[in-house]
Amino acid sequence: MARINDNYLKLAAGYLFPEIGRRVAAFQTDNPEVRLIRLGIGDVVLPLPKSIRRAMHRAVDELGTEKHFHGYGPEQGYGFLREAIAENDFRARSVDVDADEVFVSDGSKCDSGNIQEIFHVDAVVAVPDPVYPVYVDTNVMAGRTGQPDRHGRYEGIVYLPCTKENGFLPAPPTREVDLVYLCFPNNPTGTVAGRDALAGWVDYAKRSGAILLFDAAYEAYITQDGIPHSIFEIPGAREVAIEFRSFSKNAGFTGTRCAYVVIPKELTGRAADASATSIHKLWNRRHTTKFNGASYPVQAGAAAAYTDQGKREIRERVDYYLANAAIIRAGLIDLGLAVYGGINAPYVWVETPDGMGSWEFFDKLLNQAHVVGTPGAGFGSCGEGFFRLSAFGKREAVEEAIERIRTRL
Ligand code: MLT
């Protein structure tokens, strides 16, 4: 028998969302007549913007001609898209990012899951708690942890508690670590970090030699002024940070898949002989070995996100989901619940009533209101006693979900 990677056996039974899917499918089998409202996984529901669809169609048609057909593209992404990203997402905000520091991919889940590969197996990893499970699980798979304790916390990982007392903002650890995962606007709590908080992280990274892995997949949802949209808005961040961005939650690419990573050329890590090594070069090596590029039609569609029409259509979608979040927030606050997030993020984070456990609340919501959400405990032990509702739903469904919660719980 072939020897397996035993690290996989340390993982909790299932990845959070398939586990929710399993429970929901079981419920639906037993109750086929029930119409569930799904506000669990953060999957968009509005159709792809017209400008993006048009660009994708055009790209497919080009590929159908002798003259414009091409096969493999550049692994790092087509120049037209990398340039549009650098110009619109960064330089337009006076943030210094070059097109060749942008690596286009087929999703932020892959990028934020794969990045750990270029770091040593003994690298110490810090994660906020609660956290997007991909950051933790991929480090477990890589062998960077021991077994989980009874709270599901893995030996070897440094957990940074995010509680209502600290406004769900993790504080830098008191010890040195190699890698810190941060996500703002935050999944799952919907919190944002202001300039001072991010400057504190950059300062910590500079002092301790850590690298910040900054997930900004929900950047488009920042509505309030003064909140940084990129870690690179913070002076000095280019020497200590990597940023992940996605077209999923703004332009609706959860199904079509396109994202990117920004790795500044200044960023270095330490080799065995203590010499400084370019992270950009390492990632380039990894990316070009393991990935053949996102498809041309998808990249052409992503580039259309930066046209005037594309920007308008994306804004409409983001505003629609934010209006859903406002409805969810208002409805839950009306019920006397403590509610967080949902202002600069598509996620509403709610404290479960009467100290109920997260999974218990999940079951109650599923069985009584026929609404699917995400139990906070699925994101980490500090998520226990909390519950996440996603604003990615059709308006009527969101309104009905709130009405059902109001009348059936
Ligand atoms: C979530 O619901 O947390 C997200 O949809 C997960 C993801 O983007 O992979």
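User: What makes R404 and E400 about one turn of the helix apart?

Analyst: Both residues lie in helix α12 (residues 395–408), where they are 4 residues apart; a helix here is a DSSP run of H or I with at least four residues, numbered from the N terminus. This is a predicted model, in which local features need pLDDT of at least 70 and side-chain atom pairs count only at pLDDT 80 or more, while totals for chains, interfaces and linings use all residues. Residues are numbered from 1 along each chain as its sequence is written, and side-chain values use heavy atoms, with hydrogens and water left out.

User: How do you know that R404 forms a salt bridge with E400?

Analyst: A salt bridge requires a side-chain nitrogen of Lys or Arg within 4 Å of a carboxyl oxygen of Asp or Glu, and the closest N and O atoms of R404 and E400 are 3.0 Å apart, so the pair qualifies.

User: Why is R404 called buried, and why is E400 called partly exposed?

Analyst: Buried means under 20% relative accessible area, exposed over 50%, and partly exposed in between (1.4 Å probe, protein chains only). R404 has 6%, and is therefore buried, whereas E400, with 29%, is partly exposed.

User: What makes R207 exposed?

Analyst: R207 has a relative accessibility of 60%, and therefore counts as exposed. R207 also forms a salt bridge with D203, their closest N and O atoms being 3.3 Å apart, and D203 counts as partly exposed because its relative accessibility is 40%.

Terms used: Helix = DSSP H or I, 4+ residues; strand = E, 2+ residues; numbered from the N terminus.
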